[in-house]
Structure formats: structure tokens, C-alpha cells
Amino acid sequence: MIVAEDLTRVYTMGRVKVRALGGVSLTVARGEFVGIMGASGSGKSTLLHILGLLDRPDSGSVTIDGTDVLALSDHRRTLFRLNRLGYVFQDYALIGELTALENVYLTSLVRGDQKEEYLGKSTEILRRVGLGDRINHRQSELSGGEQQRVAIARALVNNPSILLADEPCANLDSQTSKSILDLFARLNEELDQTIVMVSHEDWHKEYFCRVVTLRDGLIEEVTECRRA
Amino acid sequence: MTAVFAGLKVSAFLAWKTIERGNTGTLALTIMIIALIFVNLIFLPSIISGVVETFNTQSIDFDLGNIVVEPREGSQYIGGVTGLQKKIERVPGIIGTSPRIAVGVTLFYRGSNTASTLYGITPEDERSTTRIADFMTEGEFLANGDTDAIVMGAILAGREGEEGGGLPSLEGVMVGDSVEVAYPNDETRTYRVKGIFETQSFGVDTAAFVTGDEASEVLGLHDQASVILVKTEVDGREEGYKRELLSYGIQEEVWTFREKTGGVLDQAIQSFNIINTISTLVSLIIAVVVVFIVIFINTVNRRRQIGILKAIGIDQQIIINSYVLQVLFITAVGALAGIVLAAGMTAYLTAYPLVFPGGPVYPVVETSAVLRSIASLFAVSVLAGYIPAWQIAREDILSAIRG
């Protein structure tokens with residue numbers, strides 16, 4: 001469960017101060033699939049970065065599963081990201097020199113998992129995202145949709161409490177985007193996976209349990225969707 | 001501990017995959033540069049060691065033996081040479097002694113003349129002490145009882161029509177020719193050239209030898225010598241033998257060959273070492289620059305990837321270590337390739353040695369020099385790899401991801 005309270009974040013760009021978040025409070029329950037939407041510059045990526053421990057707010061608090069994550073040291077934050085969070089980036093962010101399987105089990109290696117364990121887990125998760133026959137292919141040998149599936153598999157391999165996705169379909173055609181969103185929905189329904197996803201595509205709303213719409217760094221609207 | 005090991009395992013995994021699947025051209029070029037730097041690091045020291053080795057060997061084999069016995073202070077000659085020789089040869093480990101009478105003479109041959117040093121020797125003793133007799137290029141070495149014969153070095157004999165270029169030369173003396181020798185006591189003798197030797201040591205190849213009996217007769221000496229050269233069973237233990245000789249009650253001045261040559265050689269070595277230090281520094285700076293640039297470009301190009309790795313929970317130390325391990329690999333392979341290149345270079349220069357005034361110089365690659373080069377190369381490479389990796393890896397995640 002994520003509880004964010006009164007988050008503010010101001011960026012300084014030269015002499016100009018830009019208010020990205022002006023006091024956002026948000027709670028994401030376990031098993032929810034929450035969409036964060038809004039126009040460019042509305043603060044949706046900033047909010048995701050703060051929830052994902054990639055950035056710190058100027059004020060406010062963030063508690064994830066009871067842990068005050070803002071009080072953690074940098075090293076602890078890194079471990080928290082490794083063990084409790086999963087990320088999917090807009091441009092897949094795979095490591096080019098690694099195969100799909102290696103990209104997926106990399107974080108398991110860091111966790112010190114046994115070889116049989118991480119190979120089994122990674123192969124299974126790749127099979128589950130529909131890439132069972134592509135595990136030994138490198139990034140350059142995969143399509144955009146396949147790359148994003150590898151990124152999703154990587155994010156899920158350690159059973160994170162929360163999956164954070166920053167416009168994961170931005171570089172994909174609508175057909176592939178649909179397959180990725182179907183995959184997210186399935187993960188959410190079958191595994192009760194908590195997902196927070198940033199998007200600016202209206203048609204994505206049908207996949208979300210709840211949509212949080214931001215405008216100028218503030219929550220403009222919260223809408224119940226799929227499960228409403 | 002487990003976390004540290006797991007971290008190192010990931011660093012090694014990332015490093016190896018980058019090496020295995022990265023740009024092979026850049027990798028090969030970097031390794032080759034490191035290999036050449038390594039060769040440069042050990043080349044000059046090996047030549048310096050070779051010069052020292054050559055100088056020592058030439059001194060022992062042709063000029064001084066291992067130990068030199070000289071007259072007491074104030075005396076021009078050692079007296080009672082025969083008795084002294086026997087005394088010296090009783091010392092365990094002494095395998096030969098050769099008394100020499102040294103005299104500055106002027107040699108005349110077909111209208112040309114030159115000043116040089118003439119040694120009066122006992123041929124049999126000289127054979128037991130030096131190796132000049134093994135380096136005859138024409139004719140034969142002296143024999144006991146020769147009174148009208150002279151042997152001389154190839155430089156002193158010279159070549160017809162060629163001047164000595166500042167060195168003593170009779171410009172083309174051949175075996176069987178007669179040369180006239182003017183002694184400092186105004187005695188003049190004519191000798192038949194019995195042999196010509198070439199040791200490639202300038203000091204020896206510009207000298208001439210007659211028998212000790214002949215020199216003694218001309219100079220009016222009896223059982224006297226300017227110097228006694230002493231040959232020991234083992235090279236390198238001259239100090240011990242010297243102490244032993246002195247303990248046998250020898251009253252004359254006793255020197256090791258190093259003490260006799262030290263000043264000249266030490267000056268040369270000092271100059272070489274200055275050049276070597278400059279060369280080493282330049283090589284290491286090149287190594288630093290190359291490794292720094294390679295890793296810097298690598299990390300800058302992967303700035304976003306480094307940000308992503310941090311974002312998914314990979315500690316920055318793991319990322320830094322992966323670059324350090326790449327550098328260690330590059331340096332290790334480079335040093336290995338450098339050892340192969342250096343071995344090839346050593347083999348070539350052993351077959352075709354560099355010719356120095358003291359004789360042919362063969363490179364002597366000392367293990368300590370190789371280890372020092374490897375250690376310094378690793379130290380500077382790791383430092384040069386660590387700094388750019390650390391600079392990029394410690395960057396804020398979002399800044400890195402945004403590139």
C-alpha cells in the first residue's frame with residue numbers, strides 16, 4: 001500500500017522555479033491498477049518518480065507498506081527499489097549486451113539468488129509475458145513490443161509489491177500497446193499485482209481501476225474506472 | 001559478506017558481457033596500446049640491465065678478471081709475483097691468476113704510428129684468467145716462450161685505408177707483419193704479429209700483448225708485475241673472495257672489478273635511469289589517458305543505462321566495480337600481450353644485439369622490472385578507470401536517465 005501525503009516538488013531551472021507538485025496526496029491500495037494522467041508538465045512523472053524512490057519531494061511524506069521511504073538512506077532506498085519495486089520505462093531501458101533472459105535475472109543476481117532459482121523464475125516470467133521462445137535473443141533482435149515485455153518481466157521477476165510504469169506504451173503502436181496493457185491487466189487480476197502507471201492516452205483508462213488526473217502539479221480529478 | 005560477494009558477481013557478470021559482446025575493435029585497440037606501454041616500461045630497464053651485464057662480463061672476461069691485485073701505495077710494481085700467485089691460488093674458489101706488466105708504448109707500422117697500452121703476460125696464466133685467447137680472429141694467441149711475437153686487438157690493428165676515428169689504429173696490420181714498439185725507456189723492439197683478437201670491448205681491442213718475459217727483459221724487471229688479475233670460480237661473490245684474500249695476509253691493494261669500474265658504470269647507469277624515469281612516467285601517463293578516455297567515453301555513452309541500473313536497484317558500487325573489472329581485464333590481457341611482445345623483442349635483440357662501446361648488449365629482462373611494470377600499470381589503470389566510472393555512477397538517477 002502506498003500512502004503519499006502533501007507532496008511538493010519545485011525544480012529550479014536556471015533562475016526559474018517550476019512547481020512540479022504543489023501538494024499531492026494519494027493512497028494506492030494493494031492490488032490496485034492506478035493510472036496517473038494529465039497533460040505534459042502536469043507533474044505525473046514527478047509523482048511517479050517520488051513514489052518510485054527515484055526522486056525526493058521538497059516536503060510531504062511517502063509510506064510504502066508501512067515504511068517511511070523518505071527516511072531511508074540512499075543505500076537502503078536502492079535495496080528497497082531492488083526488493084520491493086518494479087520499474088517499466090518508456091523506452092524499455094534494457095541492457096544491449098544482455099539477452100532477454102540475462103536482462104530479467106540481473107536483479108536476482110544482485111539479490112544473491114541461487115542460479116537454478118533465478119534461471120527458473122526468469123524463464124517462467126518470460127514465458128508468462130509471451131517470450132518463452134525468445135529468451136536468448138538480445139535487445140537488437142527483439143521488436144519494440146517484445147523489448148517492453150522483457151522490461152515488464154524484469155520488473156516482475158522479484159515479485160515486487162508495486163509495479164511502476166512510466167508511459168510504457170509511448171513508443172509502441174496501438175496493437176502492441178493493447179497487448180502490453182492486456183498483460184498489465186492480467187497481472188493485476190491474476191496476481192493481484194499493484195500497478196501505478198503514467199499515461200496520457202485516454203483509451204488506456206479502461207484498463208485502470210482508478211485514474212488520478214493531475215493539472216499544474218495538483219490532483220484535478222480522481223475517477224474510478226474498470227472496477228467502478 | 002554474502003552481499004559483497006553477490007555484488008562482485010554481478011559486477012563481473014556485467015563486465016564480462018560488455019567485454020564479450022561490446023565493440024571488439026575498441027577492445028583490441030585498447031589492449032594493444034596497453035601491451036605497447038608495457039613493452040615500453042620494460043624495454044629501457046632491460047637494455048640498462050643488459051649494459052650492466054655486458055660491462056660486467058666484458059670486464060671479467062677480458063679486462064680485469066673478478067679481482068684485481070695492485071701494488072701497494074707508493075710502489076709501481078708488485079714484487080715476488082710468483083710467490084704471490086701461489087699464495088692467491090691457495091684461496092678456495094680462485095681458479096686462475098694472471099700477472100700483467102702494463103706499459104704505455106708507441107707502435108709503428110709502415111709509416112703510421114699510434115700510442116697504446118702494451119701488456120706483458122704469461123700466456124698460460126692469461127688463458128686461465130681471461131678469455132681473450134678465445135676471441136682470436138686471425139692467427140694465434142701468444143705461447144709461453146714467445147719473445148718476438150705480439151698479439152693485438154682488432155681496433156689497434158685497424159683496416160687498411162681507414163683511420164681509427166680517434167682510437168689507436170695502425171691502419172691495416174695483418175698477421176705475419178712486423179711492427180716496431182717504442183718503450184718509454186727508449187728501448188725499441190720489432191715484433192712479428194702473431195694474432196689479432198676482437199672482444200668488442202673497446203679498451204681491450206685497442207691494446208697489445210707480448211709475453212711477460214719479453215716485457216720484463218725490456219723494462220729490466222724481475223718477477224714483477226703492474227697488476228695481477230684473479231679469476232674466481234663463481235661470478236658475483238667478489239666481495240667474499242676479496243675478504244678471503246685479505247685474510248690470507250696479502251699486503252697488496254685488492255679490488256673487486258666493480259670497485260675498479262664502479263665510477264664509470266655508475267655515472268652511465270645514473271644517466272640511463274634518468275631517461276628511464278622520464279620514459280616510464282610518459283608511458284604511465286599515456287596509460288592513464290587511454291584508459292581514462294576509453295572508460296569515460298564508455299560511461300558517458302552508457303549514462304542513461306547506468307541511471308536505469310541504479311533505478312532498478314543495482315548499487316552504484318556494483319556499477320563502478322563492473323568498469324574497474326573491465327579495466328583489470330584489459331590491463332591483464334594487455335600486460336600478457338606485452339609479455340609476449342617483450343619476449344619477441346628480447347629474442348630478436350638476443351639474435352641481433354645492440355652494439356655499445358663496451359661490447360654487444362643483450363636485453364636482460366629482470367623479473368623485478370616485469371613485476372614493477374605490471375604493478376604500476378594495474379595501479380594507474382584501475383585509478384584511471386575508477387574515476388570516470390565513479391563520476392558517472394554517483395550522478396543523480398534522474399539526471400542520468402534523462403541523459
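This is a predicted model: local features need pLDDT of at least 70, side-chain atom pairs count only at pLDDT 80 or more; totals for chains, interfaces and linings use all residues.
**Exercise 1.** Locate Ala93(A) and decide whether it is buried or exposed.

*Solution.* Ala93(A) sits in the loop between β6 (85-88) and α3 (100-111) of chain A. Next, take the backbone. Its phi is near 55°, a positive value in a residue other than glycine. Now apply the cut-off: a residue is buried if 20 or more other C-beta atoms lie within 10 Å of its own. Ala93(A) has 23 other C-beta atoms within 10 Å, so it is buried.

**Exercise 2.** How many residues of α3(A) are buried, and which residue follows the helix?

*Solution.* Ten of the twelve residues of α3(A) are buried, so the helix is mostly covered. Among them are Ala100(A), Glu102(A), Tyr105(A) and Val110(A). After the helix comes Gly112(A), with a positive phi near 80°.

**Exercise 3.** Describe the side of chain B that touches chain A.

*Solution.* First, count: 21 residues of chain B are in contact with 19 residues of chain A. Then assign helices. α1 (2-21), α10 (303-311) and α13 (397-402) of chain B each supply at least two residues of this side. α1(B) gives the most, with ten residues. Last, sort by type: eleven residues of this side are nonpolar, six polar and four charged.

Terms used
Residues are numbered from 1 along each chain as its sequence is written. Chains are lettered from A and ligands numbered from 1 in the order in which they are written. Helices (H or I, at least four residues) and strands (E, at least two) are DSSP runs, numbered from the N terminus. Two residues are in contact if their C-beta atoms, placed from the backbone, lie within 7 Å. Ala, Val, Leu, Ile, Met, Phe, Trp, Tyr, Cys and Pro count as nonpolar, Asp, Glu, Lys and Arg as charged, and the others, Gly among them, as polar.
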